[in-house]
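Student: I am new to this structure and would like to go through it slowly. Could you take me through some questions and answers about it?

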Amino acid sequence: MLVLSLLAAVFAVAFGGSALAQEPPPPPANAVAVSGSLNNGGERLVGVDVRAVDASGAEAGRTTSEDGGRWTLELSPGTYTFEVVADTLPDDVSVQGSVERDVQAGRANTVIFSFGEARTSNEVPFYEKFIRTTVDGFRFGLVIALAAVGLSLIFGTTGLTNFAHGELVTLGAVAAWVFNVSMGIQLIWATLLAIVVGIAIGWLANSAIWRPLRKRKTGLIAQLVVSIGLAIALRYLILIFFSDRSEPFDDYQAQTQNEWGPFAITNVGLACIVISIVVLVGVAVMLQRTRIGKAMRAVADNRDLAASSGIDVERVVTFVWCLGGGLAALGGVLFGLSELGGRVQWEMGFKLLLLMFAGITLGGLGTAYGALLGCVIVGLLVQWSTMIINPDLKYIGGLLVLILILVVRPQGILGSRQRIG
């Protein structure tokens, strides 16, 4: 038997293989899963080798990416350097170096590689940095506006300051993540399905909570308190059933920047700007030219007069809630893609909520165009502030704007004193 084994080994080596290497070594007893997805600007790389090297320089594990570019390694806890084996990459694809990661048990160990040519220098002229920051601020402001228009329309038609609107943003992003990651649906189609889910959630919230409260003639202060309680309940339900960590989408990870002179933006950032502009222009046209849009403006201006002229106020309010839910869902997906690095967080809507309030207060409470203008200004101020302060503190600028506008001009840029008082 020993002689046969040796002969088999010699035969395998002679023909370019190794009999002993046919079976990979079993994973260690305390193995921890490390995973990732190889995406080159949306192109999923299949059949590419990924290896882990330990602190001594020895290879601790190697695997090959499968369908969707996904790969997984089983490693003992510790610090490793993860590398994409360049020889296994397609000819026109390059990777920007290796990634060092501290692998620990009890947490998600995800490794993301960046593809494309790395920048040779970090020195950027001030004017170029300002232009790029301005473009990024414009993109961020449009995303805030997309999520905030529904909040402003709800206030205009019902008088409700809805503190649970941020959770509509989070639920939309979570729904898109479920469709994309759990069900394997491409993110564009998953986003469309998430918008449908957002519309359904808006309709359900109005039918189950806000319409009964309006019929009972509950005061706006009491409704505001209800919205705060609803926001807290939804936020922690998302935490329980989703995750307490940032979870990535399967698509559009590790985007590389397109550079046109001083301008630099990723394909995802550019898509977010285009989508936001198209949707917001569509909402503006709907408000100005369609019958339901004119009814919404009439209800916002004078609810009683609109009802006496034959407008079905409850039908209009239901439409506004559905519209707000759908826009919030789309805004949540775009916010996760462009601002959170293609990830979903359980409290992302809460982080965005105060900026939405700052934007619609700056532009004018209850006005859709004011929400757009105010949110773009807030987005620009937030991104410009990163040139002076730590980027982790950038949201402070938006909140300072909220305080300042409430002191100086509480009706906002496009609002009126009659709307406030």
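Student: In which loop is Lys217 found, and is Lys217 buried or exposed?

Tutor: This is a predicted model, in which local features need pLDDT of at least 70 and side-chain atom pairs count only at pLDDT 80 or more, while totals for chains, interfaces and linings use all residues. Residues are numbered from 1 along each chain as its sequence is written, and side-chain values use heavy atoms, with hydrogens and water left out. Lys217 lies in the loop between helix H4 (187-215) and H5, helices being DSSP runs (H or I, at least four residues) and strands likewise (E, at least two), numbered from the N terminus.

Student: Is Glu339 buried or exposed, and which residues does Glu339 touch?

Tutor: Glu339 sits in the loop between helix H9 (313-338) and strand S13 (343-344), and because its relative accessibility is 16%, Glu339 counts as buried. The C-alpha atoms of Glu339 and Arg139 are separated by 9.6 Å, although the two residues are 200 residues apart along the chain. Contact means heavy atoms within 4.5 Å, and, not counting residues up to four places away in sequence, Glu339 touches Arg139, Phe140, Leu334, Gln383, Lys394 and Tyr395.

Student: How are H2 and H6 oriented to each other?

Tutor: The axes of helix H2 (residues 126-158) and helix H6 (residues 267-289), which are lines fitted to C-alpha atoms over the stretch in contact, with angles running from 0 to 180 degrees between N-to-C directions, come within 9 Å and cross at roughly 40°. Angles under 35 degrees count as roughly parallel, over 145 as roughly antiparallel, 65 to 115 as roughly perpendicular and the rest as oblique. H2 and H6 are therefore oblique.

Student: How do the residues of the contact of H2 with H6 divide?

Tutor: Among the residues of H2 that meet H6 are Val135, Phe138 and Arg139, and the H6 side includes Gly269, Cys272 and Ile273. Ala, Val, Leu, Ile, Met, Phe, Trp, Tyr, Cys and Pro count as nonpolar, Asp, Glu, Lys and Arg as charged, and the others, Gly among them, as polar. The residues of this contact divide into 13 nonpolar, two polar and one charged.

Student: How is H6 placed relative to H7?

Tutor: H6 and helix H7 (residues 291-301) pack with their axes 5 Å apart and at an angle of about 80°. That makes H6, relative to H7, roughly perpendicular.

Student: Which residues touch the most other members of the largest nonpolar core?

Tutor: A nonpolar core is a set of buried Ala, Val, Leu, Ile, Met, Phe, Trp, Tyr and Cys residues joined through side-chain atoms within 4.5 Å. The largest has 82 residues, and those touching the most other members are Met296, Val344, Leu352 and Met356.

Methods:
Buried < 20%, exposed > 50% of the residue type's maximum accessible area, 1.4 Å probe, protein only.
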